[in-house]
Amino acid sequence: MSYLDRDTYGIYSDTSDGPGPRLMGADTLIGEDVYNLQDEDLGDIKEIMLDMRQGQVAYAVLSFGGWLGMGDKLFAVPWQALQLDTANKRFLLDVSKEHLKNAPGFNKDNWPDMASAEFSTQIHNFYGTQQNVPGARTASGSVMGSGTGSLQSDPGASASRTTPGSSSGNM
């Protein structure tokens, strides 16, 4: 099932002017498949963790392994490590299955303190991403906000937006 199937509010029904895929509903992304660049199934998104202080997405919680939901290992994957593959209606994560098996993970009954600096450093070091830095670009081209709560997936979006009182159009 893809995000199009979970779109109960019609977010993606207008393919010419609608918000997707530049702006997506979190509820439609939960359950989305995650594949690697070798086209191997890595699992699916179980939760999306929001950094309430920064006003941005911090992690996607990926379920990997197990059988019929039993023994699944959960992983916090930095949001900027994921890329939305709109052609195949799934996410891409540039890690091998073997590498993911060695990722710091947890089980559903023992969640780590994802807000701690130690956790964040460990996860970002493992995936080779940078901790959320306002204005930095994610793997999918999103621009991380600075408390505005906005993520723009269109790399040219920041050049076309204007700020009141600015003449250049750049933020």
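Five aromatic pairs occur in this structure, which is a predicted model. One of them joins Phe64 and Phe75. Their ring centres are 6.1 Å apart and their planes meet at 55 degrees, so the pair is tilted. Phe64 belongs to strand β3 and Phe75 to strand β4. Eleven residues separate them, and the pair links distant parts of the chain. How accessible are the two residues? Phe64 has 12% relative accessibility and therefore counts as buried. Phe75 is buried as well, at 0%.

Trp79 sits in the loop between β4 and β5, whereas Phe91 is in strand β6. This pair also links distant parts of the chain, across twelve residues. Both Trp79 and Phe91 are buried.

Arg90 brings a charge to a ring. It lies over the face of Tyr35, at 4.1 Å from the ring centre.

Now the sheet. Seven strands build it, in the order β5-β6-β1-β2-β3-β4-β7. The sheet is open and its pairing is mixed. At the edges are β5 (82-85) and β7 (105-106), each pairing on one side only. Within the sheet, β2 (residues 41-51) runs antiparallel to β3 (residues 56-64), and seven bridges join them. Asp44 stands opposite Ser63 of β3.

Helix α3 (residues 117-127) packs on this sheet. The helix touches β3, β4 (73-78) and β6 (90-93). Its direction makes about 85 degrees with that of β4.

How values were computed
Residues are numbered from 1 along each chain as its sequence is written. This is a predicted model: local features need pLDDT of at least 70, side-chain atom pairs count only at pLDDT 80 or more; totals for chains, interfaces and linings use all residues. Side-chain values use heavy atoms; hydrogens and water are left out. Two strands pair if DSSP finds at least two bridges between them. Helices (H or I, at least four residues) and strands (E, at least two) are DSSP runs, numbered from the N terminus. Contact means heavy atoms within 4.5 Å. Axes are lines fitted to C-alpha atoms, for helices over the stretch in contact, and angles run from 0 to 180 degrees between N-to-C directions. Rings of Phe, Tyr and Trp (its six-membered ring) pair if their centres lie within 6.5 Å; planes under 30 degrees apart count as stacked, over 60 as edge-to-face and the rest as tilted. Buried means under 20% relative accessible area, exposed over 50%, partly exposed in between (1.4 Å probe, protein chains only). A charge sits over a ring if NZ of Lys or CZ of Arg is within 6 Å of the ring centre and within 35 degrees of the ring normal.
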